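Subject: Structure handover

Hello,

Here is the structure for your files. Please open it alongside the notes that follow.

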Amino acid sequence: MKKVVNVLLATTLATSSIAVLPNAALADSAGSTVERIGGINRYETCVNISKKSFDNSDVAILASGQKVHDALTSGGIAAKLKAPLLLTKKDTLPNVVMDELKRLKVKRVIFVGGEQSISKSLENQLAKTFKVQRVSGKDRYETSIKLAEELNKGSKQENIIVNANTVDALSAGPVAAKLNRSIILTDGKNLPEGSKSVVDINSSSNIMIGGTDSMNIKGLKGDRISGINRYETSTKIAEKYYQGNNDKVVLANGTNYIDALSAINLVLSKKAPVLLAKTDALDASVSKYLEKNAKGAYLLGGEDSISAS
């Protein structure tokens with residue numbers, strides 16, 4: 001592991017979030033820069049990522065910023081609709097999020113998750129300003145099926161299938177964005193109830209993210225992408241779907257789910273892969289990818305997510 005400050009931040013400008021990257025960090029570093037996108041909290045961070053990614057959008061996806069697992073499939077619908085993902089509290093919409101909805105000129109808001117994640121009272125409040133729609137199931141697994149039914153229009157398609165209880169789920173969004181597919185959450189051993197309507201288990205084009213220890217579903221066919229840890233898995237996805245197509249990357253904390261989920265906004269707009277990092281260190285696989293492929297990077301979150309020292 002290498003310290004992030006040594007690998008990424010050679011010089012941090014006191015009045016700017018832009019920093020020049022050292023030769024050891026990125027390919028062709030002469031013109032390389034890194035930009036930090038953060039905020040005072042997860043809601044503002046997500047909004048600032050949205051601002052960097054979208055000028056306007058008729059539709060916005062609203063997911064819980066408190067019940068993280070309920071938001072895991074939000075990246076799939078955001079990718080499908082090419083719409084910004086924003087976060088909310090259960091009972092109140094942060095002012096900064098409302099301001100962003102107005103800036104984007106949003107007409108329709110899609111809630112992902114049940115009333116235990118985003119309350120009915122908040123839905124009613126927003127219905128006064130926007131057309132609202134809620135997609136939810138009895139749990140995170142059924143919610144992912146409901147989203148797939150909505151997006152696949154009742155037909156069976158190739159999907160991205162991942163264990164919702166592992167950090168591998170964080171890497172599903174970039175694949176969904178690249179291939180325009182839905183994300184199906186599982187418990188690692190079984191497909192969710194109702195999955196037969198949207199999942200063709202015999203299709204070799206299904207994509208399973210994570211090793212057999214985290215996901216081993218009998219009879220499920222498809223292409224498996226996995227590494228020895230969450231960090232290497234993120235680089236394998238970058239190598240398979242993004243290498244050679246973009247010289248920028250998105251770097252998100254691999255233990256802070258929220259910032260990594262919000263990364264879908266940049267993935268959609270910048271066509272850049274998401275690589276995962278620890279707060280103060282880079283995995284060797286991530287460092288190697290940066291050195292070989294990247295000329296610039298977006299760091300998501302404040303220094304408590306990815307440190308500058």
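**What was found**

In β16, Ala 297 is the bridge partner of Val 249. This is a predicted model: local features need pLDDT of at least 70, side-chain atom pairs count only at pLDDT 80 or more, and totals for chains, interfaces and linings use all residues. Residues are numbered from 1 along each chain as its sequence is written, and side-chain values use heavy atoms, with hydrogens and water left out.

Back to that bridge. Val 249 pairs with a residue of β16, and strand β16 spans residues 296–300. Four bridges join β16 to β13, and the two run parallel. Two strands count as paired if DSSP finds at least two bridges between them. Strand β13 covers residues 248–253. It also pairs with strand β14 (residues 274–277), again over four bridges and in the parallel sense. There, Ala 252 has Leu 276 of β14 as its bridge partner. Strand β13 is mostly covered, with five of its six residues buried. Buried means under 20% relative accessible area, exposed over 50%, and partly exposed in between (1.4 Å probe, protein chains only).

Now the open sheet. Its four strands have the order β6-β5-β7-β8, with parallel pairing. The edge strands are β6 (85–88) and β8 (131–135), each pairing on one side only. Neighbouring strands of this sheet are turned by 30° against each other on average, direction ignored. Axes are lines fitted to C-alpha atoms, for helices over the stretch in contact, and angles run from 0 to 180 degrees between N-to-C directions. Strand β7 (residues 108–112) runs parallel to β8, joined by five bridges. One of these links Arg 108 to Lys 131 in β8.

Helix α3 (residues 74–81) packs on the sheet and touches β5 (59–64), β6 and β7. Its direction makes about 175° with that of β5. Contact means heavy atoms within 4.5 Å. Helix α6 (residues 140–152) lies across β7 and β8, at about 125° to β8.

Overall figures. The protein has 11 helices and 16 strands. These are DSSP runs numbered from the N terminus: helices are H or I with at least four residues, strands E with at least two. Of its 309 residues, 57% count as buried. Among contacts with a separation of 6 or more, 69% involve residues 24 or more positions apart. The protein exposes about 12,800 Å², and carbon and sulfur atoms supply 44% of it. Areas come from the Shrake-Rupley method with a 1.4 Å probe; for residues, only the protein chains shown count as cover.

Best regards
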